[in-house]
Amino acid sequence: MQKWIMGGLFFVACTLAIALMFTLPGKEQVALDEKPTMPEVTLDAGAAEATVKASCISCHGDQLQGGAGPALNQVGGHMDAEAIFNVVTKGRKGMPSFKGQLEPEEIANIALYLAEKK
């Protein structure tokens, strides 16, 4: 009797493993999910500056000189717009994600704005 139970459990476990192999996302899909795609936008410096003042100065300072967060007044010298977009979208270290708080187009505009600061 125990052989039948163990055989049945083994069959169920193998069936579940095969089902998961075909339904779970692969490495490529996980990599795409981890790296958000920056939408195409035209830089609107005024809107970007207003969004930065509303969302960023509490941690990065009113002149982006740094504070609780790092200085951003020369961030374009070592990060491109795509990298800045990823950080703002996903967050990093102590910085929260702004994915739910700002639209992707707003984040892209901020990224273009900050990428010009060299």
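**View 1. Lining of the largest pocket in the predicted model.** The lining of the largest pocket comprises 25 residues. Nearest the pocket centre lie His 60, Pro 70, Leu 72, Val 87 and Met 95. The pocket has a volume of about 530 Å³. By class, its lining holds 17 nonpolar residues, six polar and two charged. Three helices each supply at least two lining residues: α4 (57-60), α5 (81-90) and α6 (104-115).

**View 2. The largest nonpolar core.** This core has 22 residues. Ile 84 and Leu 114 make the most contacts inside it. Helices α3 (45-55), α5 and α6 each supply at least two of its residues. The biggest share comes from α6, with seven residues.

**View 3. Surroundings of Leu 114.** Leaving aside residues up to four places away in sequence, Leu 114 touches Leu 64, Leu 72, Val 75, Gly 76 and Ile 84. Leu 72 is among the residues nearest the centre of the largest pocket.

**View 4. Helix α5 and its cover.** Helix α5 is largely enclosed by the rest of the structure, because seven of its ten residues are buried. The buried residues are Ala 81, Ile 84, Phe 85, Asn 86, Val 87, Val 88 and Thr 89. What covers them includes α6. Val 87 also lies among the residues nearest the centre of the largest pocket. Just after the helix, Gly 91 takes a positive phi of about 85°.

**View 5. Thr 89 within α5.** Thr 89 lies in helix α5. Its relative accessible area is 7%, so Thr 89 is buried, the cut-off being under 20%. Beyond residues up to four places away in sequence, Thr 89 touches Pro 36, Ser 97, Phe 98, Lys 99 and Ile 107.

**View 6. Confidence along the chain.** The chain averages a pLDDT of 87. A score of at least 70 is reached by 92% of the residues. Confidence is highest in α6, at a mean of 94. Confidence is lowest in helix α2 (residues 27-34), at a mean of 62. Where pLDDT is low, predicted coordinates should not be read in detail.

How values were computed. Residues are numbered from 1 along each chain as its sequence is written. This is a predicted model: local features need pLDDT of at least 70, side-chain atom pairs count only at pLDDT 80 or more; totals for chains, interfaces and linings use all residues. Side-chain values use heavy atoms; hydrogens and water are left out. On a 1 Å grid over the protein atoms alone, a cavity is a set of points where a 1.4 Å probe fits but cannot get out, and a pocket is an open set with protein on both sides within 12 Å along at least five of seven lines; lining residues have an atom within 4 Å of a point. Grid points are joined across faces, edges and corners, and a volume is the space filled by probe spheres set on the points. Helices (H or I, at least four residues) and strands (E, at least two) are DSSP runs, numbered from the N terminus. Ala, Val, Leu, Ile, Met, Phe, Trp, Tyr, Cys and Pro count as nonpolar, Asp, Glu, Lys and Arg as charged, and the others, Gly among them, as polar. pLDDT is the predictor's confidence in each residue, from 0 to 100. A nonpolar core is a set of buried Ala, Val, Leu, Ile, Met, Phe, Trp, Tyr and Cys residues joined through side-chain atoms within 4.5 Å. Buried means under 20% relative accessible area, exposed over 50%, partly exposed in between (1.4 Å probe, protein chains only). Contact means heavy atoms within 4.5 Å.
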